[in-house]
Amino acid sequence: MVFDSIKVKKLKMNNNNNNNNNNNKIGAVLVQGAGIAGVQAALDLANSGFKVYLIERSAAIGGMMAQLDKTFPTGDCATCIVSPKLVECARNLNIEILTLSELDRIEGDPGRFTVTVKKSPRYVDEKICNACGDCTTVCPVEISDRFNRGLGTRKAIAKQYVQAVPNLPSILKLGHSPCKTTCPANINVQGYIQLIKKKEYIKAVNLIRERNPLSAICGRVCTHPCETACTRGQVDAPVAIRQLKRFASDKEMEMVESGQLTLPAEKTPPPEARKIAVVGAGPSGLTVAQDLADRGYAVIVYEARPAAGGMLRWGIPEYRLPEKVLDYEIELIRRKGVTFVFNCQVGKDITIDKLRADHAAVFIGMGLQKGSILNVEGENLNGVVQGLDFLRAVKEGTADIKDRVFVIGGGNVAIDVALSAKRLGAKDVQMACLESWEEMPANEEEKKQALEEGITVHTSWGPKRIKGSEGMVNGIELKKCTAVFDEQKRFNPTYNENETKDFKTAMVILAIGSRSDPSFFGTAAFLPVNQRGNIIVDQYGLTEKDGVFAGGDIVTGPATVIEAVAAGKRAAESIDRYVRKEDPRTARFENTIAPVAEELLPSLAEVEKRPRAQTPELPLEQRINNFAEVEEAFSEEDALAETERCLNCALCSECRECVAACEKNAINHAREVQMIELEVGAVILTPGFEEFPAAKKGEFGFGRYDNVITNVQFERMLSAAGPFEGHIVRPAGGGEAKRIAFIQCVGSRDSNCGNDYCSSVCCMATIKQALVAREHLEGLEATIFYMDIRAHGKDFDQYYERARGETSIHFVRSMPSRIVQVPDTRNLRVRFVNENRKFEEQEFDLVVLATGIEPKTSVTERVSRLGIELNGFGFCATNRLLPLTTSRPGVFVAGAFQEPKDIPETVTQASGAASMAMELLADSRNTLVTKKTYPNERDITDEEPRIGVFVCHCGINIASVVDVTQVVDSIKSQEGVVFAKDSMFTCSDTSLSEIKEKIREYRLNRIVVASCTPRTHEPLFRETLREAGLNPYLFELANIRDQCSWVHSLNPKEATKKAIELVRMSIARAHSLAPLGGESLEINQTGLVIGGGMSGMTAALSLADQGFKINLVECADRLGGNLLNLYSTLEKDDIPAFTAGLIQRVENHPNINVYRETELARVAGHIGNFLVTLSRNEERIEVSCGALIVATGAKPAGTSEFLYGKSQQVLTQGELEKQLHEKTFSTGGGNVVMIQCVGSRNPERPYCSRLCCSRAVKNALSIKEKDPDAQVFILYRDVRTYGFRETYYKKAREAGVVFIRYHQDSPPKISDAHGLVITVDSPDFPESLEMEADRVVLSTGIIPGEDNKVIADMLKVPLNADGFYVEAHLKLRPVDFASEGIFLCGLAHSPKFVDENISQARAAAARAATVLSKTYLDVGAQVSHVNQNKCISCMTCLKVCPYGAPLVNRDQKAEIIGAKCMGCGICAAECPARAIQLSHFETGQFCMMLDNLLAAGNSS
Amino acid sequence: MDNRPLKIYLFFCSNSFDTDTARRYCAAREGEELKAISLPCSGKVDLLYLIKAFETGADGVMVITCKQDACRYLEGNLRAARRVEAVDSLLEEIGLGRGRIKVIKPKEEVDVEQIIREVDNFRAKISGLACSNSQ
Amino acid sequence: MNAHAFEPLIVGFFCHYCAYASADLAGSMRLQYPPNIRIIRTPCTGRLEVDFYLRAFENGADGVLVAGCLEGGCHFIEGNLVAKRRVNQTRDLLAEIGIEKERLRMVNISAAMGRPLADIITDMIKTVRELGPNPLKSTSGNKKEQKDFVQI
Amino acid sequence: MIVAERKTIPELIEILKGQKKVLVLGCGTCVTVCLAGGEREVSIISSALRIASRLAGFSLQIEELTIERQCDNVFIEKAAEAIERNDAVLSLGCGAGVQAIAERYPAKPVYAGLNTAFLGILEERAVWTEKCVACGACVLHEYGGICPITRCAKHMLNGPCGGSREDRCEVLPDRPCAWQLIYQRLKGIGQLDRLKQIKPPKNWNASIHGGLRVIVREDHRI
């Protein structure tokens, strides 16, 4: 169930109510991390009476497993097996999924925690969105896809992966891009660039105009600080942002010119509109005018000159900004209802007081009118002109020009002046400026143009004096400027007065800045000004005078257009608030602008260099004597290419294409982080892991060489749903990757990177990847470089052997020292030491690094802040005897965060952790769970089918391809159809209500919806039927989206025809739908545990502590099993004390009934109601129970090899351990030789016993501890000290224990001719080794119990080839049997360690609790039934059913037990008498669809 | 041969022999174990009854039917006769020999005397045979 | 294109857990394949009766595509193996009857195999197109019916 | 149990050529259990025949029916109307069933749709093996319950033949040697002595070689 914040609040209230009568414990659990562990724990808890909050950091649940392609060793598709679990999780009424959430705080005590969850926005409404994907389609932003580990791209708004649960997109946003934050007006640069990329030019311009009405203008004259900040600049050159803005704006103008686009209609402000006066029609004034007009004000702009534009019109020459462009944008503003009053100089023609009095507010944006002066000799000579005056004269056509012109100044105005002078006919134009060329404030473009057009620029020179005669200028003397700025970076030029040069000139134009002209105000004292004469305003543009605002150059001094626009934006907002009497300070747009954290900016290393598009310019020869525009717009091709250079620094560009595309209005870009408080009784941490950052191992070149990838990337590559769709190709250099090297232990078993532990899963994962890859690509050769192959799990070694048997998979026992890329082919040369102890290099197409498992950095920080101890590697600290308990009571842990582990162990631990929570909160079980109630079901037995059909448009998802109206028309007259209609979104709340309404109105008794897939939507519609009082099975869904409109979008006609047929088929089937009701089975809430070893006792105790009565059956005369022969763990936990405690607790537990010396005689019944007959001596005891746990254990294997039993000096590891414990062991003064894999991992006993390596290490360390001089040798095949046990392997080597490897085909030999002598051939030594041994210790492994077969037959559960029990599913149901209600744990499942058995026993208990916690069990309605009259008792069904659901009843006929039937229908299809039908998938129902289709096909 | 009393079962059709007579007849035979079992029709006699009788130690079995063609149930008496024949042959296979089972079919509708006579004869014959040791 | 060109009609029987899911995935991925297939959902391919296949052919289907989970990956343990046996049995029977066995095909698909599924469907349609219409349609004289399979 | 298997469709088409309306009649007993003639097979064969006949140029009209047992008139009666309606009957019963119907309807052609194969049992899923040839004089007790007449390819009463290899029959290497089984079985029940006796030649009169076999149970005849 998807999180709903309103509900949470209600729940909190519920909690309070319930707590009063509930021991103060809260029957809710928070599970943090929704990988497979979190999902499993949540399901177990929710299914046994607890409320669960499942919180997940990313946007979808599923974790790492959803990223995997296949799973080992079964080769199951990971998606196939995990998806149903995720969906189940999402549907569970008692699991609330909080995605994008993190655990922030835990307060309170076990049983009563208050936790705070920080939930980041998804920006997509979870209740409204129907995952149609339109937003993703329109999103222009392609960013590196983290889910695919950067191998592919995703859109900024997208589902995390195609099958994501919850099935919703989310927006990736990281603050705002540098271009946007740097732009004074905060224009959404990234946004409009993305829109241009999509050729949405008008949308792009509109987006610009939201922040800047002068789009076309700024596209020409802006100083573009955005480009300076552009991240791309760090790679090659910044994106040509200004030019792109111009490109889009020009496109708009072109369209207007060509008539494709009409100008917006002229508006007039409403009569009641408040009046605003704007003084000055420059950039800031125009901006204010537009914004306020947009907000419904009547704006009057008072302008001193005869036209609007201010400095844009009078200060920028035509060749840079054509008047046409200026007029165009001013016209757009005018059309918004702005009135211009020209030739009206405030101060002269009208006073400010008057303006203030007549208007609700006044904005002053008159700019700077006076040029700055030099204060040098000769400044007043005739021929000395102000640059601005000159430019205005040029515009007015009144400019006077001389042959020689000297321009003072280094800014844009100076260059504009110089170039204008040139165009007017000046023969020699020279410039002087104080700054050096680099420091010159003019734009690079302008400077470049000045040079091009032959302007001589004297940089670092200032005017000393202007020379003249007769009042006329005739020359200028310059002096050397030694520094422009002082140490404080203030403008404070210093000169070398002695270094001068003289020039002849007839005209000196000063372009050194401008200043305000106080005289313009009329009353200078009206507004306070600063020492430079600029008006003083606060940060919102308000002057000290009430209702008078100011902005632009008049406030800032000379500045840029964009700064003036920004000031206008701010002022407009302030004026609006002022008039509406709102606080000007809160929720300002400016405050929402936050930069992207630097570390989150795109990684530049991977960015390929691409040149910036070149600006086309008017050829030099065409610029002479005219003012034609010099710079031209980009070609469309160049512009589009340029947009591709944008790196999307902020991920989402906020172009809002998605908002526009979403027909359900589900998207809102302005959502904020929520802090949610939840009351829970316990917390389970299942945050998972992240892979080791492979770039840290520089020698392998990850990050530098594109063809070196990680194993996670390789998984994504293999995945058919991944970025490469399962094709094994090289990310760089092209071509298939036929030669692949896999390098193991990257970031594992490596003290250099601090990871001394083994990641446990990589060996198997690599073997799997090699085997799977081979299926994907014929002729693929895989080479696996490894240290030890650790295939220690159930059926793993057999898988390894399979891979070893493949000629195309090579195992090389070596750790490569480095990888070098071959430059031209981009192949990779791997250097390693080969089996002959020689260096060798091999070339590969692709290298896959088996990166190890690390705790997530983000998690470790947070978890330690929650007061939970971590171990030295950053994993959660636990104890081997309390593997699921963290240092904080009430907080439990499971999965890879506890220790690296594979999926089944993770799932096991998750269930185990759930049982810990169940024990803690046993009294509060069922206090917070919700059960929905429905109206009584209408009895339709005697009704003719009355079918209602609803055909969905799914926005445009269906309707854009399939003619929905035609579909509705063509099925209206179908037999039985009494109502048919199309709807925009059938799954929307309104449509669902409509369905309910129509059911009542038309007395519909069958509903057909034609929309998307039943896999996601059938539950929703069925629910609707139930709410309307119809049985949910009276519903049928025709999939005309996923399997029609989406896959035939190029063929609308055929798609429509197909849709019609699909709907007709569904209608045909609907006729035969019948209401189905499952049965309710009473549950016997007693459990029975078979086996009184550690696992059995642990499982029994867990259930007993939860309040269930448990029968514990043990065949021996005492409890304890194998535990009685164990003395310590590798970590030195005291096993005998633990065992004694366990036995004592079991024996004294009031809920546990122990049967010693008792065996199983007979088992009958099914889940909820087993009848078990026990036999104790001659006595028969009948016990009934609801669930069974098999914990029958296994036993140490014996041997007759290596003189065992013949020589006193040869003993097993078990015997050695006992002697060490009893201190009776002596090395005899000589060597102790341990031999591993005795009788194991060979054709007779192909599995690995998992424990022996660690046990040998443990005993070797014990010997060394007692006698450091003792010589201990361990002869091994692979050392399989996985997980943290690896550190002890290291310790043993450090302590001097000698490990000698041998091959399976040349095992060690023993002789006792002259004392015991062991001979061994090791591939690591050139010659045979011979060693005298005083003690030989054999690791003989574990074998299954002999009576497994008997018990398995009784329970009708399977055994594997090795004789261990087979669970329901190796990966995801590791402690269940396929037969419901029977569970498995301990060594009976496979050999494993104490801590693993504890987890598994608890897991079995949790799974059993999901049964025992219920008083009734609803058995599925979609089950098979036997027609007793037709059954001929052939018993075929008994033979084909994989679940043992059919049985022979008293009438000697077959009968199917609903509780056991899973609804596959194999029996129904097999029954030779056709006596069996699977409800809801009856033969007739299939035939009706077929007949309808084929009849239609032959006649339509 | 031991001194065990003779054990004989008398299955009779209640239409041709009445229960009282039968009981009295049996009671009068001291030192013998005579059991009379009334049947609505001799056709009701099952192979299984007959063979069980021997299994439980009978030395002889008589089945008293109706007169020929007088069976109230049309063919019950004929059926009984077939079964007796089958058991007789089975007794031979078993090794007890033929003659330990007999059908008594009255000549007249109710001919108690003939029946008693025939029963007496059969008893005598049986006591002369080796005792059944099937017990 | 020839207005009378033969457009095959393929009936698909897809299992809910894998094949149907991958058909949905193909949709999500917007993969395109010819519209000649009509997919019928079944909880498991193990539910499918030999009769269904025959019925489809008898009534004029040109091909039947049965798609189940990967072998070993059946949600119902071995339903797909049972289905495979039944499909093979039916193929033999079709051969006996005189219908090309290629018209009936079973494939194993995982829920993540959107692209391969689209390829398989395309290939199946191609195969059947090459085989021509269901022979029943040409023998029973109702040539008229072929007009109904008109391509745009 | 009687074990039978379907005739091939071409064979059946050949048999049915010239008929128009045919009743395909199943039998709900042995042949249903051995997956040859039950309701499902009736449906499958009918469908196949319809298709095949159309392809062969004559469209059979087929009616489908399965009755409890074809070898008894009581049940055959339930098919009476259907039989009347059709030109011919294709019986999916065993040979006895086919003949029972034929005897009951002298005027109606009745064809066998199955080949009745043997008396056997289901050995594993969908595998039936012959266990009895109905020789009329059973010797199973001599051989530990394993019939050498049926299961030894050479029908040897004094075996083994000496040709078996690794427990496999010399003639049919995929089948176990019956004599190996007999030996193991007798060993298991402690009756290996039985093998020391030489068995005299068998009288095959009780078998089919003595002519039509009739069993009369006089005691049940009325």
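Modeller: What follows takes the chain contacts, then a pair of helices, then the domains.

Modeller: One caution at the start: this is a predicted model.

Biologist: How do you know which pair of chains has the most contacts?

Modeller: Four pairs of chains touch, and the most contacts are between chains A and C. That contact takes 54 residues from chain C and 57 residues from chain A.

Biologist: Which elements of chain C build its side of that contact?

Modeller: Those giving two or more residues are α1 (19-28), β2 (37-42), α2 (50-58), α3 (79-97) and α4 (114-131) of chain C. α1(C) gives the most, with eight residues.

Biologist: What makes a residue on that side nonpolar, polar or charged?

Modeller: The residue type decides: Asp, Glu, Lys and Arg count as charged, for example, and Gly as polar. By that rule, the side of chain C that touches chain A has 31 nonpolar, 12 polar and 11 charged residues.

Biologist: What makes up the contact between chains C and D?

Modeller: Chain C supplies 15 residues and chain D supplies 14 residues. On the chain C side, α2, α3 and α5 (135-139) each supply at least two residues. The largest share, six residues, comes from α2(C). By class, that side divides into eight nonpolar, three polar and four charged residues.

Biologist: Why is the crossing of α11(A) and α19(A) called right-handed?

Modeller: The term applies if the near helix is turned clockwise from the far one by less than a right angle. The axes of α11 (residues 283-294) and α19 (residues 561-579) of chain A cross at roughly 35 degrees and come within 7 Å. α11(A) passes α19(A) in the clockwise sense, so the crossing is right-handed.

Biologist: Which residues make that helix contact?

Modeller: Among them are P283(A), V288(A) and L292(A) of α11(A), and V561(A), A564(A) and I575(A) of α19(A). The residues of this contact divide into 10 nonpolar, four polar and three charged.

Biologist: What are the domains of chain D, and how many Å separate their centres?

Modeller: Chain D is divided into domain 1 (2-118) and domain 2 (135-210). Taken over C-alpha atoms, 37 Å separate the centres of these domains.

Definitions and conventions: Residues are numbered from 1 along each chain as its sequence is written. Chains are lettered from A and ligands numbered from 1 in the order in which they are written. This is a predicted model: local features need pLDDT of at least 70, side-chain atom pairs count only at pLDDT 80 or more; totals for chains, interfaces and linings use all residues. Two residues are in contact if their C-beta atoms, placed from the backbone, lie within 7 Å. Helices (H or I, at least four residues) and strands (E, at least two) are DSSP runs, numbered from the N terminus. Domain bounds come from an automatic or database domain assignment. Axes are lines fitted to C-alpha atoms, for helices over the stretch in contact, and angles run from 0 to 180 degrees between N-to-C directions.
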